[in-house]
Every structure is written in C-alpha cells, then in structure tokens.
Amino acid sequence: MRTALAITLLTLLSFSVTAEGDAETPRQSFQAFVDAILREDMPEAERDAAFERYFDFDAWVKDREVSEGASYTDAERAAMKEDWRELFHSREFRDSWRKRNVRVLEEPAPQGDKAELVIAMTGAGGADEKFRVLMTRAADATHWRWYSIPQVAEALPEPTIAERIAAIEQALKRIAEQRAQLEAEAQALARELERLRAEQAEADAGDSPYATPQSVVKAAWTAIEKGDLNALLDCHTTRRVAGADTEALKARLAKTRERLMAWLVLDSTIDENDPARAVVRVQLKLQRTGDTDQRTISVRVLKAGENWKIDEAP
C-alpha cells in the first residue's frame with residue numbers, strides 16, 4: 001500500500017501563481033499544497049494543517065474504492081491516511097518535487113464544486129508527460145482540495161531548445177540550492193557532533209586530573225599558578241616533554257607566573273574526525289605595563305590511553 005501511495009505522490013509537481021481575491025482558485029490551492037511540501041523550515045503542525053486543508057483524503061478513498069471495487073474499514077482508512085501523512089513529511093517526497101519541470105497547460109473554469117488542472121511534467125525517462133489534477137471545492141468555499149492526479153495518455157510535443165535550456169538551468173539552480181542546504185546542514189551537524197563529544201568527554205571525568213580535555217588544561221594552569229614545573233610537565237605528552245628545554249622552561253614559567261592575574265577554562269571541542277583529539281579554550285588575564293592584557297588561547301590536547309595530555313610544547 002505504501003509503495004502505491006509513494007508512486008501517486010511522487011507525480012505531483014509545483015508551479016508559480018499569484019493570489020487574487022479572498023477565495024483561492026484551484027491553481028492557487030494546489031500551489032499552496034506544493035509550497036508546504038517544499039518548505040524546509042515549516043513546523044510539523046503547520047505542515048499537517050496544510051495537508052488537511054489541501055488534500056481531500058475522503059474523496060481519494062472513495063475514488064480508490066470505486067476503481068478497486070473495494071470497501072475499506074475505518075482502521076484501513078486510518079492506516080492509509082497515516083501513510084500519506086508520513087510520506088508528506090519525508091525528505092524523499094520533498095526532494096522529488098524539486099526534480100520536475102512543471103508547466104500548466106490548461107486551467108479550465110470550475111464546474112460547480114469540481115475543478116481540474118492540466119499539467120505537463122518531465123518523467124523519469126526525461127520525456128514530458130501530461131496529467132490532470134482533479135479537485136473538489138472545500139466546504140467553506142474558500143479553497144480547493146486535490147484528490148487524484150491521473151495521467152493523460154496523450155503524446156506531448158517535443159520541447160523547444162529554449163524550453164530545454166530553461167529546464168536545465170532550473171535543474172542546475174535546484175541542485176545548487178540543495179548543495180548549499182546540505183552543506184549548511186553538514187556544518188551544523190559537525191558542530192553539534194563536536195559539542196556532544198566534548199560534553200561526553202567531560203561527563204566521563206574521573207578523579208584523575210587527566211580524565212578530560214578540560215581537566216588536564218585546568219591542572220596545567222594550576223601548576224603554572226603555583227610555579228610547579230613537574231606538575232606542568234606531567235600534563236603534557238611524553239613526546240612534548242622529551243623535547244623541552246628545562247632551564248628555558250623554568251624561566252618562562254617564572255615570568256608567566258609573575259604576570260598571571262587570572263585564568264578560566266571556557267570550553268572544549270572534540271575533533272569531528274578524531275575523537276582522541278580536542279581543543280580547549282582558555283581565557284587569560286595578564287599584567288603588563290599599562291592596561292591589563294586579556295586574551296583567549298586554544299590548547300591542543302590528545303588522548304593517550306585513558307588520559308588526556310596537552311600536545312604542545314610546555
């Protein structure tokens with residue numbers, strides 16, 4: 001059942017309209033339904049409301065019962081409607097609407113409470129196909145609701161070169177928009193991944209000063225504050241300690257300690273490509289001649305076994 005619904009749904013396409021007056025035309029109502037599909041940022045409740053407003057589910061079921069010679073139970077109807085709703089919310093459904101080159105061929109005047117649109121669209125094989133959008137007038141007469149989109153078995157003229165160029169340009173534009181949107185989503189996900197990994201690393205803290213990226217950096221600056229060179233070296237990786245000049249380090253430690261007024265570990269970020277690496281930001285306040293020197297530095301740390309160590313020269 002879901003497959004049949006998907007095939008029916010994926011034939012629907014979009015085109016532009018301009019509203020005139022208080023009551024919507026069939027074309028305007030169908031476009032409003034399409035707009036609700038294409039919007040990425042529409043809240044779920046609003047998308048459901050658009051689905052209920054512009055899709056005549058009862059007429060769709062009745063039409064299907066006639067064509068299949070069947071009679072559905074209330075439970076079956078509820079399941080069908082939920083299938084429609086899930087597909088309407090899906091990205092697959094939304095993306096399918098962006099891949100069609102839709103042209104309105106005919107917009108006949110409504111006949112009482114019935115109306116239809118005739119549209120052309122590019123099919124899966126690249127050839128144009130013709131469809132009718134069957135609609136009913138809403139009970140309050142303010143809009144129209146579609147319920148069926150049968151294909152018309154009629155050959156369409158080959159598109160002109162100008163039409164083919166326009167179709168390709170539109171397709172490239174849609175691809176560029178999708179690429180930009182996917183890139184933005186990827187960046188947002190990467191930032192969230194870094195944040196969650198950092199949060200998880202801090203949540204796993206133990207009693208050791210090397211248990212998390214932030215704790216080892218805090219231990220290092222505590223050692224600097226106390227002038228404890230051995231404790232400072234213990235916060236660094238073996239490779240970095242091995243390459244350190246002890247006498248020069250003592251002099252730098254004493255100089256930094258004299259100037260250090262305050263320090264604060266702000267946050268940490270776990271590398272999205274390597275969960276064993278992180279960067280910790282530290283806000284410093286140093287005394288200097290004249291104004292106070294305030295800065296924020298980034299400290300690279302590395303997880304070695306169960307311990308995090310600073311992976312920079314001490």
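Colleague: What do the buried residues of α3 pack against?

Modeller: This is a predicted model. In it, the buried residues of α3 pack against α2, α5 (74-89), α6 (91-97) and β4 (144-148).

Colleague: And which residues in α3 are buried?

Modeller: Arg-47, Asp-48, Ala-50, Phe-51 and Tyr-54. Looking down the axis of α3, these buried residues fall within an arc of 160°, so they line one face of the helix.

Colleague: Where does Asp-41 sit?

Modeller: In the loop between α2 (26-38) and α3 (44-54).

Colleague: Buried or exposed?

Modeller: Asp-41 counts as exposed because its relative accessibility is 60%, and the cut-off for exposed is over 50%.

Colleague: What does its side chain touch?

Modeller: The side chain of Asp-41 has a polar contact of 3.3 Å with the side chain of Arg-39. The pair also counts as a salt bridge, with 3.3 Å between the closest N and O atoms. Arg-39 is partly exposed, at a relative accessible area of 35%.

Colleague: How many salt bridges does the structure hold?

Modeller: There are 26.

Colleague: Back to β4 for a moment. What does Arg-145 meet in a salt bridge?

Modeller: Asp-56, at 3.8 Å from N to O. The pair links distant parts of the chain: Arg-145 is in strand β4, while Asp-56 is in the loop between α3 and α4 (57-68), and they are 89 residues apart.

Colleague: Is Asp-56 buried or exposed?

Modeller: Asp-56 counts as buried because its relative accessibility is 11%, with under 20% as the cut-off.

Colleague: Which residues do salt bridges with shared partners join into one network?

Modeller: Arg-239, Arg-240, Asp-274, Arg-277 and Asp-311.

Colleague: Now the sheet. What is the order of the strands in the open sheet of 4?

Modeller: The order is β6-β7-β8-β9, and the pairing is antiparallel. The edge strands are β6 (260-270) and β9 (307-310), each pairing on one side only. From one strand to the next, the twist averages 30°.

Colleague: Which helix lies across those strands?

Modeller: Helix α8 (residues 213-226) lies across β6, β7, β8 and β9. Relative to β6, helix α8 runs at about 165°.

Colleague: How many bridges are there between β7 and β8?

Modeller: Strand β7 (residues 277-286) pairs with β8 over 10 bridges, in the antiparallel sense. Val-282 stands opposite Ile-297 in β8, and Ala-278 stands opposite Val-301 in β8.

Colleague: What happens in the hairpin of β8 and β9?

Modeller: That hairpin has 2 residues between the strands, and Gly-305 takes a positive phi near 70° there.

Colleague: Which residue other than glycine has a positive phi?

Modeller: Ala-141 is one of interest, with phi near 65°. Ala-141 lies in the loop between β3 (128-137) and β4, and is partly exposed, with a relative accessible area of 37%.

Colleague: Last one, Asp-293. Where does it lie, and what does its side chain contact?

Modeller: Asp-293 lies in strand β8 (residues 293-304). The side chain of Asp-293 makes a polar contact of 2.3 Å with the side chain of Arg-295.

Colleague: Is Asp-293 buried or exposed?

Modeller: Asp-293 counts as buried, because its relative accessibility is 10%.

Terms used: Residues numbered from 1 in each chain as written. Predicted model: local features only at pLDDT ≥ 70, side-chain atom pairs only at ≥ 80, totals over all residues. Heavy atoms only, no water. Buried < 20%, exposed > 50% of the residue type's maximum accessible area, 1.4 Å probe, protein only. Polar contact = N/O pair within 3.5 Å; in protein donor to acceptor, adjacent residues only side chain to side chain. Pairing = 2+ DSSP bridges. Axes fitted to C-alpha atoms, helices over the stretch in contact; angles between N-to-C directions. Contact = heavy atoms within 4.5 Å. Arc of directions from axis to C-beta. Salt bridge = Lys/Arg side-chain N within 4 Å of Asp/Glu carboxyl O.
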